[in-house]
Amino acid sequence: MSDPTGVRPWRDIERRQTRQISVGDVKVGGGAPITVQSMTNTPTTDVAGTVEQIRRLEDAGADIVRVSCPDQESSAALKDIVRQVNIPIVADIHFHYRRGIEAAQNGAACLRINPGNIGSRSRVKEVVQAAKDHGCSMRIGVNAGSLERHLLEKYGEPCPDAMVESALNQARVLEEEDFFNFKISCKASDVFMASAAYMQLAEQCDHPFHLGITEAGGQRSGTIKSAIGLGNLLWAGIGDTLRVSLSADPVEEIKVGYDILKSLGLRHRGVNVVSCPSCAREQFDVINTVKVLEERLSHITTPMTVSVIGCVVNGPGEALMTDVGFTGGGRGTHQVYVGGMPSHRLKDEDIVDHLVRQVEEKAEEIEAKRKAEAELQAQTEEAPSAAE
Ligand code: SF4
């Protein structure tokens with residue numbers, strides 16, 4: 001439910017109930033927060049470069065990062081990479097079951113591997129055993145562009161039915177090995193196909209889903225396709241972790257992933273800016289103010305909402321629902337709102353500097369309150385055992 005207070009039922013999203021799996025210490029499914037992932041695009045054998053990129057992704061809020069292991073040198077490099085980062089690493093494996101075993105031995109928290117692609121059942125058994133031995137989960141990654149030949153012959157072309165059949169066949173292989181610590185993705189670059197496949201699969205199993213619109217395109221078009229495809233599924237309660245695929249800096253994938261979740265109230269990280277497009281009524285330069293402000297507030301991780309509105313037409317109304325609000329006023333007298341209430345006027349001071357300070361103060365206040373509540377709850381939980 002995205003509005004836990006229940007006072008705005010039109011915002012409710014009832015999430016699909018799934019099993020819960022572990023990707024390192026990150027939980028996926030079973031009601032855990034929806035996680036955001038990306039994938040490195042450095043050569044995995046360049047350990048320093050890959051670690052540097054993973055850290056940038058971590059700073060941007062990534063919960064999980066995937067790294068390709070196309071050869072033995074890459075799966076060996078994983079050992080050094082995993083040691084130097086703080087988030088779980090998924091090893092991306094195609095075809096070579098030995099890479100999967102090596103990746104599990106070298107510290108991967110999850111293997112993205114399709115049991116249908118790695119050959120005989122004895123090889124599957126070996127990979128599953130390595131995953132079990134090393135506490136590694138798996139992701140079955142069905143992709144419309146690489147469906148099994150027999151399914152293409154049966155269905156004539158890639159389609160949701162073929163994707164679902166592929167996913168269920170591969171899930172069965174793992175289940176028969178008594179392995180349930182896995183999630184499934186059903187990606188396609190076509191928004192309709194991916195959505196339909198995930199929706200159909202959701203009816204037929206309770207495994208958690210990794211969502212993605214694959215090869216979505218460049219930053220702008222890929223963002224839009226992902227927002228439509230993933231947004232549609234998330235709104236229907238489907239999806240436990242996601243990756244936005246962009247032909248862009250992977251850090252952008254994390255930002256877009258969070259923005260999609262923020263738009264649906266499913267997860268918040270950092271500042272959600274509400275701003276108007278501006279028009280002849282604006283009382284300050286809205287567009288440039290928002291541009292600089294978003295940059296200057298990117299270090300804030302506390303979930304909060306800030307409105308920046310050009311004039312009184314919509315400013316006071318929007319400010320009611322924000323942590324910090326700003327409305328352009330006549331003759332350079334702007335109104336600042338804090339906690340949804342009018343707080344003070346601003347005349348000569350720099351707008352961005354002032355708002356950054358207000359937001360930082362409010363973020364500190366929210367964090368202090370959250371800490372106090374957590375301490376109180378911990379004390380309450382300890383109390384009965386102390387009395388025993
Ligand atoms: S809030 Fe005011 S300045 Fe902004 S678009 Fe609307 S009328 Fe124009």
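These are my notebook entries on a few things I looked up in this structure, which is a predicted model.

**Entry: the sheet**

I started with the strands. Eight of them form an open sheet, and I read the order as β8-β7-β6-β5-β4-β3-β10-β9, with parallel pairing. The edges are β8 (182-187) and β9 (210-211), each of which pairs on one side only. Which residue of β10 is the bridge partner of Val36? I found Leu242 there.

**Entry: helices on the sheet**

Helix α7 (residues 191-204) packs on the sheet and touches both β8 and β9. I noted its direction at about 145° to that of β8. Helix α6 lies across β7 (137-143) and β8, and its angle to β7 is about 155°.

**Entry: Glu165**

While on α6, I picked out Glu165, which sits in that helix (residues 160-176). Is Glu165 buried or exposed? I put it down as buried, because 21 C-beta neighbours fall inside 10 Å and the cut-off for that class is 20 or more.

**Entry: around the ligand**

Then I turned to the ligand and listed the residues surrounding it. From one stretch of numbering I have Cys276, Pro277, Ser278, Cys279, Arg281 and Glu282; from another come Ile309, Gly310, Cys311, Val313 and Asn314. Sorted by class, this shell has six nonpolar, three polar and two charged residues.

UniProt, in an unreviewed entry, lists residues 272-360 as "domain: IspG C-terminal". For that span I noted 29% helix and 28% strand, with its end C-alpha atoms 14 Å apart.

**Entry: helix α12**

My last stop was α12, which covers residues 351-387 and includes Ala368. The unreviewed UniProt entry annotates residues 352-382 as a "coiled-coil region". In the model this span is 100% helix and 0% strand, and its end C-alpha atoms lie 44 Å apart.

Why does Ala368 count as exposed? I counted it so because it has 10 C-beta neighbours inside 10 Å, and exposed residues have 12 or fewer. From Ala368 to Thr333 I noted 35 residues in sequence and 32 Å in space, C-alpha to C-alpha.

Definitions and conventions: Residues numbered from 1 in each chain as written. Predicted model: local features only at pLDDT ≥ 70, side-chain atom pairs only at ≥ 80, totals over all residues. UniProt positions renumbered as here; feature names shortened; annotations may be inferred. Helix = DSSP H or I, 4+ residues; strand = E, 2+ residues; numbered from the N terminus. Near = placed C-beta within 6 Å. Nonpolar A, V, L, I, M, F, W, Y, C, P; charged D, E, K, R; others polar. Pairing = 2+ DSSP bridges. Contact = placed C-beta atoms within 7 Å. Axes fitted to C-alpha atoms, helices over the stretch in contact; angles between N-to-C directions.
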